[in-house]
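Please walk through the packing and the charged contacts of the model shown here.

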Amino acid sequence: MTDTEGARLFRETWIAGVTKHYPGEPKASYVTPWEDTPDWEREAAGAVYQQVRHFLGLSDGNAKRLTREQKGRFVATCWTAQMYKHFGDPKPAYVADWPDLPDWQKETDSDIFEAIETAAPQQ
C-alpha cells in the first residue's frame with residue numbers, strides 16, 4: 001500500500017468510525033471526503049498510518065495482541081503529535097489525552113488501528 005493509499009485508508013476509516021460511533025449529527029469537517037480534506041490533514045493521516053505500520057513491523061506483528069483500547073491510545077498519541085507538528089500551539093481539544101476524549105473518538109481511533117493492521121501484510 002502506498003503512503004497515499006495508507007493516508008486515504010486512515011481518512012476513510014475515520015469517516016466510517018465517526019458515522020458509526022458519533023452520537024447525533026457530526027460536524028461536516030469530521031466527514032469531509034478525501035478529495036476535500038486539507039493537505040495538512042492528509043499528511044497527518046499518512047504519518048499516523050506509517051507509524052502504526054512501523055509499530056506492527058517492529059513488534060513482529062505482536063502489536064496485534066494489544067487490547068482494543070491500547071490500539072486506540074496509540075493512534076490518538078500519534079495523532080496528537082501531528083497536531084503539535086501542524087499547529088504548534090493547537091487548541092486543547094486537539095491534543096486531549098485519552099481519558100479526556102469522547103467515547104466515539106476512542107472507538108474510531110481503535111477502528112483505525114485495526115483497519116491498518118488488517119491491511120498490513122502478515123508479519
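**Charged pairs and core**

At 28% relative accessibility, Arg-68 counts as partly exposed; buried means under 20% relative accessible area, exposed over 50%, and partly exposed in between, with a 1.4 Å probe and protein chains only. The model is predicted, so local features need pLDDT of at least 70 and side-chain atom pairs count only at pLDDT 80 or more, while totals for chains, interfaces and linings use all residues. Residues are numbered from 1 along each chain as its sequence is written, and side-chain values use heavy atoms, with hydrogens and water left out.

The side chain of Arg-68 meets that of Asp-111 in a salt bridge, at 2.5 Å from N to O. The term stands for a side-chain nitrogen of Lys or Arg within 4 Å of a carboxyl oxygen of Asp or Glu. This pair links distant parts of the chain, with Asp-111 in helix α4 and Arg-68 in helix α3, 43 residues apart. Helices (H or I, at least four residues) and strands (E, at least two) are DSSP runs, numbered from the N terminus. Asp-111 has 17% relative accessibility and therefore counts as buried.

Within helix α3, Arg-73 and Glu-69 lie four residues apart, about one turn of the helix. Their side chains form a salt bridge at 3.0 Å, N to O. Arg-73 is partly exposed at 35%, and Glu-69 is partly exposed at 41%. The count of salt bridges comes to nine.

Ser-110 also lies in helix α4 and, at 3% relative accessibility, counts as buried. The C-alpha atoms of Ser-110 and Lys-71 are separated by 5.5 Å, although the residues are 39 apart along the chain. Leaving aside neighbours within four places in sequence, Ser-110 is in contact (heavy atoms within 4.5 Å) with Arg-68, Glu-69, Gly-72 and Trp-98.

What, then, makes up the largest nonpolar core? A nonpolar core is a set of buried Ala, Val, Leu, Ile, Met, Phe, Trp, Tyr and Cys residues joined through side-chain atoms within 4.5 Å. The largest has 25 residues, of which Phe-10, Val-48, Val-52, Leu-56, Val-75 and Ile-116 touch the most other members. The elements giving two or more residues to this core are α1 (3-21), α2 (39-58), α3 (68-87) and α4 (103-119). Beyond its neighbours within four places in sequence, Phe-10 is in contact with Ala-45, Val-48, Val-75, Trp-79 and Ile-112.
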